[in-house]
Amino acid sequence: MSQPNSINTIMKNSGMNFKERKKAAPKKERFIMTEQLKQEFYSEAKKYYAKNNRLFIVDENNKTFLNLFCKYFSNDETFETVHKGELQKGLFITGNKGTGKTSSFQIIQNISRKYNLRKLWFPMIETPKVVEQYNTEKNKDYIVKRYSKGNFFFDDLGAEDPASNIFVYGKQDIFIRILENRYNEFITKGTKTYITSNLSIEDIKKRYGERVEDRFIQMFNLLELVGKSRRL
Ligand SMILES: Nc1ncnc2c1ncn2[C@@H]1O[C@H](COP(=O)(O)OP(=O)(O)O)[C@@H](O)[C@H]1O
Ligand SMILES: [Mg+2]
């Protein structure tokens with residue numbers, strides 16, 4: 001399989017075109033237009049990074065990403081027509097540490113809270129916390145089930161250790177199971193998954209296997225945040 005590294009490479013059709021999907025969407029949902037979201041993103045990002053005594057920087061490394069990220073969350077038709085992404089899929093954001101992956105999602109969530117935009121809100125958890133809960137919880141299946149359903153944002157996939165289960169020999173990557181379940185939920189219910197990771201798609205294949213990699217291509221728009229760490 002070719003290695004997808006940009007949104008332009010992701011093309012699996014869902015059957016419905018943009019207009020049909022828009023028509024089928026729940027009516028009362030509050031939404032935000034692209035330009036409005038971009039402005040909001042800018043002002044919320046300024047506030048967000050100011051807490052770390054940083055100015056919000058938009059440069060060659062993140063401007064394409066930020067454009068696509070805002071278009072995605074404002075359901076912008078051109079995300080599909082121009083950029084060849086798919087709005088009904090989730091997002092997989094890959095990039096070096098410190099490039100702004102986690103903070104970008106947190107800024108979106110701040111906007112969601114501010115305007116009560118439910119579409120922009122989803123629970124977030126760092127992947128090592130999922131493994132920690134799994135390791136300490138007696139009912140292991142409960143943890144897997146809990147993270148298999150509903151829209152979710154998993155921060156830093158690949159940063160987690162393989163999980164332990166005294167009933168099973170050796171360590172296991174429970175995200176293989178969680179992502180498999182989430183793929184099924186995506187196909188049957190349209191459940192969305194959002195992921196940030198330092199891993200490339202090739203690394204995902206190495207760690208979680210070819211089957212997971214294949215699912216990834218079907219359930220995610222793959223966006224890259226290029227460049228070096230912005231942490232000082
Ligand atoms: N666009 C940006 N402008 C200014 N600082 C940024 C920007 N993006 C990231 N940073 C800085 O880098 C730090 C790390 O960002 P973060 O979103 O946690 O990166 P990642 O999740 O990719 O590791 C932030 O706390 C902030 O100080
Ligand atoms: Mg991060």
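Biologist: What makes strand E6 (residues 193-197) mostly covered?
Modeller: In E6, 4 of its 5 residues are buried. A residue is buried if 20 or more other C-beta atoms lie within 10 Å of its own, exposed if 12 or fewer, and partly exposed in between, with C-beta atoms placed from the backbone. This is a predicted model: local features need pLDDT of at least 70, side-chain atom pairs count only at pLDDT 80 or more, and totals for chains, interfaces and linings use all residues. Residues are numbered from 1 along each chain as its sequence is written, and chains are lettered from A and ligands numbered from 1 in the order in which they are written.

Biologist: How do you know that strand E1 (residues 90-95) and E6 pair?
Modeller: Pairing takes at least two bridges found by DSSP. E1 and E6 have 4, in the parallel sense, so they pair. Phe-92 stands opposite Ile-195 in E6.

Biologist: What makes strand E3 (residues 152-157) and E6 a pair?
Modeller: They also share 4 bridges, in the parallel sense. Here Phe-154 has Ile-195 of E6 as its bridge partner.

Biologist: Why is H5 (residues 101-115) called a helix?
Modeller: Helices are DSSP runs of H or I with at least four residues; strands are runs of E with at least two; both are numbered from the N terminus. H5 has 15 residues, so it qualifies.

Biologist: Which residues of H5 are buried?
Modeller: Lys-101, Ser-104, Phe-105, Ile-107, Ile-108 and Ile-111. They cover an arc of only 155 degrees around the axis, which puts them on the same side of H5. The face turned away from that side carries exposed Arg-113 and Lys-114.

Note on methods
Expected span 1.5 Å × (residues − 1). Arc of directions from axis to C-beta.
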